[in-house]
Amino acid sequence: MSTAVVDERTFYGLGRDFTSTTRLYLQHWMWRRQLKYLLHPAVTGDKEIMSVADIGCGTGIWLIDLAEQLPRAKLHGYDMSSAQFPPAEWLPSNVELTTLNALAEIPSTLVEKYDVIHIGLLVLVAGDEPVPLLKNVVKMLKSDGYLQWDEADLGGLYRSTTQPSVTKHNLDALYALMDQRFNRAGLSYGWVRSLDQILPQAGLEVVHNIFHPIPDEIAHPWTHMHLLSVSELIKDVKDAGDKVHEWWELYVKAIEEAHEGASIRMGMVVAVGKKPKS
């Protein structure tokens with residue numbers, strides 16, 4: 001498989017190596033544990049024979065799990081890079097993974113091809129303006145089809161502790177540096193909680209929108225998963241010069257705080273829209 005080129009206008013920052021791939025699997029299973037579903041119940045129709053596209057599929061695990069529920073459906077995953085795809089020989093027979101830059105012109109062969117489109121955790125790809133990405137992806141959706149967007153509320157990220165005696169100074173300092181980096185790039189992610197206002201801008205009717213906070217029982221694994229993503233972002237830093245070592249020092253201390261009872265949390269947002277009949 002070829003590796004697609006990531007649009008240079010995007011700020012992604014996360015890696016595609018062994019650690020990054022492991023994080024994606026962990027992330028997927030934590031989301032599934034909390035949501036209790038892959039396709040939201042608001043998505044109706046004959047699911048057994050529907051065609052489903054997953055945009056930003058990463059490892060393809062969302063579709064691999066969905067194939068257990070829908071063994072006859074046509075399931076296609078698209079990502080800017082094939083670096084995290086498992087071997088094609090290990091995929092379910094109805095799952096296919098392909099490279100596609102969802103920010104570029106959609107090939108005519110994919111226009112109005114799918115009954116359902118799933119977008120998952122593309123906040124860093126969408127940047128501070130998700131509408132262009134959304135409008136592009138909606139071109140792939142059939143009339144009367146559904147789009148489900150599962151997203152992390154990065155703009156609402158916060159740190160907390162089990163009790164006042166537990167410190168989070170290093171976590172706070174580390175995320176202050178990350179916020180500065182996002183700000184320098186002119187990025188803001190406050191739009192995630194407004195997906196119900198964004199979907200109509202791409203011609204979709206909102207049929208569901210919900211925010212899920214991160215409960216205490218998964219705060220520990222959620223924090224560890226998120227710290228893995230922070231390590232990827234630090235590795236991508238190219239403009240901090242010799243100060244990068246200071247980031248790593250804070251990172252090590254932040255891990256220690258997490259072991260003592262400090263947590264990083266950002267809620268889950270799920271929005272479902274329907275494309276009107278043409």
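These are my notebook entries on a predicted model of one protein chain.

**Ground rules**

I number residues from 1 along each chain as its sequence is written, and my side-chain values use heavy atoms, with hydrogens and water left out.

**Entry 1: the whole chain**

I started with the secondary structure and found 8 helices and 9 strands in the protein chain. Helices (H or I, at least four residues) and strands (E, at least two) are DSSP runs, numbered from the N terminus. The radius of gyration is 19 Å, close to the 19 Å that the globule rule gives for 278 residues, so the chain is as compact as a globular protein of that length. I note that this radius is taken over C-alpha atoms, and that the globule rule is 2.2 Å times the number of residues to the power 0.38. The C-alpha trace spans about 55 × 40 × 35 Å along its principal axes.

How many of the residues count as buried? I got 53% of the 278. Buried means under 20% relative accessible area, exposed over 50%, and partly exposed in between (1.4 Å probe, protein chains only). Next I looked at contacts, meaning heavy atoms within 4.5 Å. Among those between residues at least 6 apart in sequence, 79% join residues at least 24 apart.

**Entry 2: helix α4, inside**

I picked α4, residues 131-138, and asked why it is largely enclosed by the rest of the structure. The reason is that 6 of its 8 residues are buried. I listed them as Val131, Leu133, Leu134, Asn136, Val137 and Val138. Their cover includes the strands β1 (51-55), β4 (114-120) and β5 (141-152), along with the helices α3 (123-126) and α6 (195-198).

**Entry 3: helices α1 and α2**

Here I looked up a helix pair: α1 (residues 18-35) and α2 (residues 61-69) pack at about 45°, with their axes 10 Å apart. The axes are lines fitted to C-alpha atoms, for helices over the stretch in contact, and angles run from 0 to 180 degrees between N-to-C directions. That angle makes α1 oblique to α2. Angles under 35 degrees count as roughly parallel, over 145 as roughly antiparallel, 65 to 115 as roughly perpendicular and the rest as oblique.

From α1, the contact uses Tyr25, His28, Trp29 and Arg32, and from α2 it uses Ile61, Trp62, Asp65 and Gln69. I sorted them by class into 4 nonpolar, 2 polar and 2 charged residues. In this scheme Ala, Val, Leu, Ile, Met, Phe, Trp, Tyr, Cys and Pro count as nonpolar, Asp, Glu, Lys and Arg as charged, and the others, Gly among them, as polar. A handy reminder for me: an α-helix has 3.6 residues a turn, so residues three or four places apart point the same way.

I also checked burial in α2 and found Ile61, Trp62, Leu63, Asp65, Leu66 and Ala67 buried. These residues pack against α1, β1, β2 (74-79), β3 (95-99), β4 and β5.

**Entry 4: helices α5 and α7**

On α5 the contact residues are Leu171, Leu174, Tyr175, Met178, Arg181 and Phe182, and on α7 they are His226, Leu227, Val230, Leu233 and Ile234. By class I get 9 nonpolar, 1 polar and 1 charged.

While on α7 I looked up Thr223, which lies in this helix. Is Thr223 buried or exposed? Thr223 is buried, with a relative accessible area of 1%. Leaving out residues up to four places away in sequence, Thr223 touches Ala258, Ala262, Ser263 and Ile264.

**Entry 5: loop residues**

Lys36 is in the loop between α1 and β1, and at 66% relative accessible area Lys36 is exposed. I noted its positive phi of about 70°, although Lys36 is not a glycine. Most residues other than glycine have a negative phi.

Ile49 lies in the loop between α1 and β1 and counts as exposed at 52%. Ile49 and Lys36 are 13 residues apart in sequence and 22 Å apart in space, C-alpha to C-alpha.

Leu121, in the loop between β4 and α3, has a positive phi of about 55°. Leu121 counts as partly exposed at 29%.

Terms used. Predicted model: local features only at pLDDT ≥ 70, side-chain atom pairs only at ≥ 80, totals over all residues.
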